[in-house]
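The following note sets out points on the structure shown below. It is arranged so that each point may be checked against the coordinates.

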Amino acid sequence: MSALRWGRGRAALAAGAVSLLTLAGCGNGGSSGGNADGEVGGEVRMLVNLTPNLDQSYWEELVAPFEEATGVSVEIEAPTGSSVAESFPQQLAAGTAPDVIQSIFPDDDTLPQLVDLSDLPWTEGTPMVDDYAIDGSRYVVGVGSQTQSLVFYNKTAFEEAGIAEPPATWAEFTEALGLLDEAGYTPLQTAGQFQTGLQLQQLYHPTLNTAHPRWQTSVADEELSAGEAYLPMFQHYADWLEAGYIAQDDVGLDPAAADGAFLEGTVGLYPQGSWFATTLKSGGEPPFEVGVFSPPVDEGQEYPGPQGATMAYPYMINAASGNISSAQALVEYLVTDETAIQSQLTADGVFRQGAETADDPVLAQVQAILDEAPGLVAVGEGFGDTRLPVTGFNPKFTEIVQGLYTGQSPQEAADALDDWVSENR
Amino acid sequence: MARTLTKTVPERAAAAPAEAAGPAARRGRRGWRGWRDAGARLTMVAPALVLYVGLLVVPVGYAVYYSFTDYNGFPQQIPEFIGWENYQRVFQSADITDSMVVTGTIALVGAILVNAAALGLALLLQRTGGFTTFGRVVMFYPHVLSALVVGFLWQAILGPQGVVNTMLEKAGRSSMPFLSDPTWALWTLIFVISWSLFGVQLVLYLAGLQTVPADLVEAARIDGAGRWQTFRAVTWPALAPTFSVALITSGISLLKTYDVVVSLTGGGPAGSTQTLAYSILAVSFPGRQIGLASAEAVVLIIAAAILAFTVLALRRRAEEGAESIG
């Protein structure tokens, strides 16, 4: 029986995790050392995602001038779970949520827990602030944008394949894939896990948002179905898989291995976000010249199309913070201080429209694409008021795109997407 | 019970004055002693009881409660009672029922693999010696590794650009779709999980083999029994309780498979390796569907309980059958 009890206990752990959300307390956390009269001072807790580029010491150095100037003590906290997205809701429920939250965005569930920043004059003009506004109210401010719709390419491979210019339409793109294949290169590098769905979206943002501006809202209003929106791109993928331009095996490939394959020089085209420019920079000199272009669009559409983008370094403030004045002062410093902005832009491959062109040639190309883009558009599930009526879109989308690799037809994939949206709407 | 039937000499001596004082006094002293004993017992049981209730009963109770509600996990939202809706969704959603089938397959096939490998190796390594000790350490080693590390390790070995496929390509052979074909990916996942789990079962079987009576084994051999006959007639019956424990623990471990899925396949390709635990932790919880996640968790608890009770019931029936023959 002891084995039985042990087993039930272990199985119950998954269920028990639920209760942890409510067991711990009734408050919403924040610092207790705040100033009730609204003066700046005391302690501010800031929850951040720690990465190899943005580690604990980076954050501490970033906020050090603010601490010195204001006397506020900033406590940098790592997520208690695997990410801020996972930890923040748990901390809110447990009454231990921090004052400032970095790296995630507001949604219908978190909105009541956040400070409305709309009346603060310094939020004006910060990157994408109104794109992320919900019902006209600003709950998140950021430093720059991460450009999502980029195709990195091997210039040497292009020369050997006889491709003079990066393709601007899907017909030219498919032709380029054929030429790269004939030249002995992997025409289009894709990968498994989260990256399968992400790459298809990255390639399709400009076309989709030109054909259906704010397509997420159209789906929410039931004027367009998600399957209908993505069907043409599913068809492209199915054609490329059939032609062997995309390796069916890629669906089991670790994304890091896909990065490595491109860096080795055996790949022609690699759809990625702007963060890959930083990977290239830190990965040493590749054995070829790297080019970047905005993904193609349909015949007759304006090229380049709108760029899929997300706000970089998003900051939000916990409405239950005991030190809102200091939290606001900290966020103001992070998104308006020139030195702080420059530090954040360079630390994580973040771009800002109109910013000074970077010295690195790849970073400069990305900056140029961002500057030339006719607009920045919501990606995936969307943001601000441009949102799908469902949550969990990206993982499901990846699963459906992987179905194309394992024999599902484009129409079946589109139907599966519509079924899922209907089920979860 | 023995204390009331037979008294020791000191006990009799202690009881003598009380008996002399009359029945009322005796009842009073017995009553006081009874309360004192009950209090002492309660004091000793209470810490364990508090821990058990706090860490097991309360969380499971909350999970059951939430499974009947619509709740996003935030304190501002009051859980709304929605009856059996989450359970209906669990059994109507193709995604979740598919994950149940995957989980069941992993638990069934994996339990067979894990126990067959562990028992076979335990029989090989049961004798004490330098080599067998080294062998035991090597065989237990996979279990020491974090499940996430195990996944990344086998991804590097079996992935499309992993060691095995690179060698196959260099040998002029076509690559194997270990992780890129839905069926292959499921079998690869089962193999990797079994590899990482069987160390504990190996230790259980090695301990179980120590309890096999040496004289019975010797007697069987003297009677001319071969190795297989000795195993079937002597070793296996003695190992049966160990087998039950090993089967239940491995089955439950396999039912809640999550970490290896995350690091080896990410639930793919096309959702073909999504387990129920993965669906709870990587799909429903992040989607803030606490009610649905709780309903899935309750289903998982029930599945684990059914597995444990079934194995124990089968074991009891087998024992009763053996006793009736004897």
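1. Contact between the chains. The structure is a predicted model. Chain A contributes 45 residues to the contact and chain B contributes 54 residues. On the side of chain A that touches chain B, at least two residues each come from α1 (2-23), α3 (84-94), α9 (255-264) and α14 (393-405) of chain A. Of these, α1(A) gives the largest share, with 15 residues.

2. Overall make-up of chain A. Chain A has 15 helices and 13 strands. Of its 425 residues, 53% count as buried.

3. The four-stranded sheet of chain A. Four strands form an open sheet in the order β2-β1-β3-β10 (chain A), and the pairing is mixed. Its edges are β2 (73-77) and β10 (315-317) of chain A, each of which pairs on one side only. On average, neighbouring strands of this sheet are turned by 25° against each other, direction ignored. Helix α11 (residues 324-336) of chain A packs on the sheet and touches β1, β2, β3 (100-102) and β10 of chain A. The direction of this helix makes about 170° with that of β10(A). Within the sheet, strand β1 (residues 43-47) of chain A is joined to β2(A) by five bridges in the parallel sense. In this pairing Val44(A) lies opposite Val74(A) of β2(A).

4. Strand β9 of chain A and its partners. Strand β4 (residues 144-147) of chain A runs antiparallel to strand β9 (residues 307-312) of chain A, and four bridges join the two. Gln146(A) stands opposite Thr310(A) in β9(A), while Ser145(A) has Met311(A) as its bridge partner there. β9(A) also pairs with strand β11 (residues 376-377) of chain A, here in the parallel sense and over two bridges. In that pairing Gly308(A) is placed opposite Val377(A) of β11(A).

5. Burial of β4 and β9 in chain A. Is β4(A) covered on one face or on both? Both faces are covered: Gly144(A) and Gln146(A) lie on one side, Ser145(A) and Thr147(A) on the other, and all are buried. As for β9(A), six of its six residues are buried, so this strand is largely enclosed by the rest of the structure.

6. Strand β5 of chain A. In strand β5 (residues 150-154) of chain A, five of the five residues are buried, so the strand is largely enclosed by the rest of the structure. Leu150(A), Phe152(A) and Asn154(A) point one way, Val151(A) and Tyr153(A) point the other way, and all are buried. In a regular strand the side chains alternate between the two faces of the sheet. β5(A) pairs in the antiparallel sense with strand β7 (residues 267-272) of chain A over four bridges. With strand β8 (residues 290-293) of chain A, β5(A) likewise forms four bridges in the antiparallel sense. Tyr153(A) takes part in both pairings: its bridge partner in β7(A) is Leu269(A), and in β8(A) it is Gly291(A).

7. A helix pair in chain A. Helix α8 (residues 226-243) of chain A packs against helix α15 (residues 410-424) of chain A at an angle of about 150°, and their axes are 8 Å apart. α8(A) and α15(A) are therefore roughly antiparallel to each other. The crossing of α8(A) with α15(A) is right-handed. Among the residues that meet are Tyr230(A), Leu231(A) and Phe234(A) in α8(A), and Ala414(A), Leu417(A) and Val421(A) in α15(A). The residues of this contact comprise ten nonpolar, two polar and three charged.

8. A helix pair in chain B. The axes of helix α5 (residues 94-125) of chain B and helix α11 (residues 227-255) of chain B come within 8 Å and cross at roughly 140°. α5(B) and α11(B) are therefore oblique to each other. α5(B) passes α11(B) in a right-handed crossing. The residues that meet include Ile106(B), Gly110(B) and Val114(B) from α5(B), and Leu247(B), Gly251(B) and Leu254(B) from α11(B). Nine residues of this contact are nonpolar and five are polar, with no charged residue.

Methods:
Residues numbered from 1 in each chain as written. Chains lettered and ligands numbered in written order. Predicted model: local features only at pLDDT ≥ 70, side-chain atom pairs only at ≥ 80, totals over all residues. Axes fitted to C-alpha atoms, helices over the stretch in contact; angles between N-to-C directions. Parallel < 35°, antiparallel > 145°, perpendicular 65-115°, else oblique. Left-handed = near helix turned anticlockwise from the far one by under 90°. Contact = placed C-beta atoms within 7 Å. Nonpolar A, V, L, I, M, F, W, Y, C, P; charged D, E, K, R; others polar. Buried ≥ 20, exposed ≤ 12 C-beta atoms within 10 Å, placed from the backbone. Pairing = 2+ DSSP bridges.
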